[in-house]
Amino acid sequence: MTVKPIFVLNGPNLNRLGTREPHVYGTTTLAEIEAMCRQVAGDTPLRFHQTNAEHQLVDWVHEAIDGGAGILINPAGLSFRSIPLLDALKMFPGPIVEIHISNIHRREEIYHHSLVSRAATAVIAGLGPRGYVHGIRALIEMIDGGSP
């Protein structure tokens with residue numbers, strides 16, 4: 001078991017899950033996703049955050065660089081435009097799983113090219129909120145010595 005926490009980082013508008021475009025994102029709230037993550041993580045510590053501010057997300061990545069075992073990140077709209085977030089993630093020495101609730105490749109063209117994917121060890125898209133659970137499991141395996 002890892003002692004350092006897994007950082008679960010959520011970008012802009014994810015605080016509106018449950019009511020935001022339920023036909024795309026479903027009706028599960030971010031609080032419910034956090035509970036699912038904590039349940040599957042068991043004794044592995046989690047730092048679960050959400051922000052609508054790019055600089056805050058970058059600051060949390062910096063905290064993970066200094067003391068995190070892995071990062072599960074749903075950068076939301078910042079996936080497609082944030083060079084500062086990409087640069088911060090490239091500094092992280094551990095595994096990074098990028099998560100998207102919807103399948104970004106089935107959506108409009110603007111959502112097809114994530115900059116964050118360039119730094120990610122793995123990408124999960126289109127599994128809905130359960131994708132977070134799979135991401136936590138994968139990170140725990142990678143941290144504990146499994147291969148990505």
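## Basis of the values

Residues are numbered from 1 along each chain as its sequence is written, and side-chain values use heavy atoms, with hydrogens and water left out. Because the model is predicted, local features need pLDDT of at least 70 and side-chain atom pairs count only at pLDDT 80 or more, while totals for chains, interfaces and linings use all residues.

## Helix α2

Helices (H or I, at least four residues) and strands (E, at least two) are DSSP runs, numbered from the N terminus.

In α2, Leu 30, Ile 33, Met 36, Cys 37 and Ala 41 are buried (under 20% relative accessible area, with exposed over 50% and partly exposed in between; 1.4 Å probe, protein chains only). These residues cover an arc of only 130° around the axis, taken from the directions from the helix axis to the C-beta atoms, and therefore lie on the same side of α2. On the other side, Ala 31 and Gln 39 are exposed. The buried residues pack against β1 (6-10), β2 (46-50) and α5 (130-143), contact meaning heavy atoms within 4.5 Å. Just after α2, Gly 42 takes a positive phi of about 60°.

## Nonpolar cores

A nonpolar core is a set of buried Ala, Val, Leu, Ile, Met, Phe, Trp, Tyr and Cys residues joined through side-chain atoms within 4.5 Å. Of the 24 residues in the largest one, Val 8, Ile 33, Leu 72, Tyr 132 and Ile 136 touch the most other members. Its largest share, 6 residues, comes from α5.
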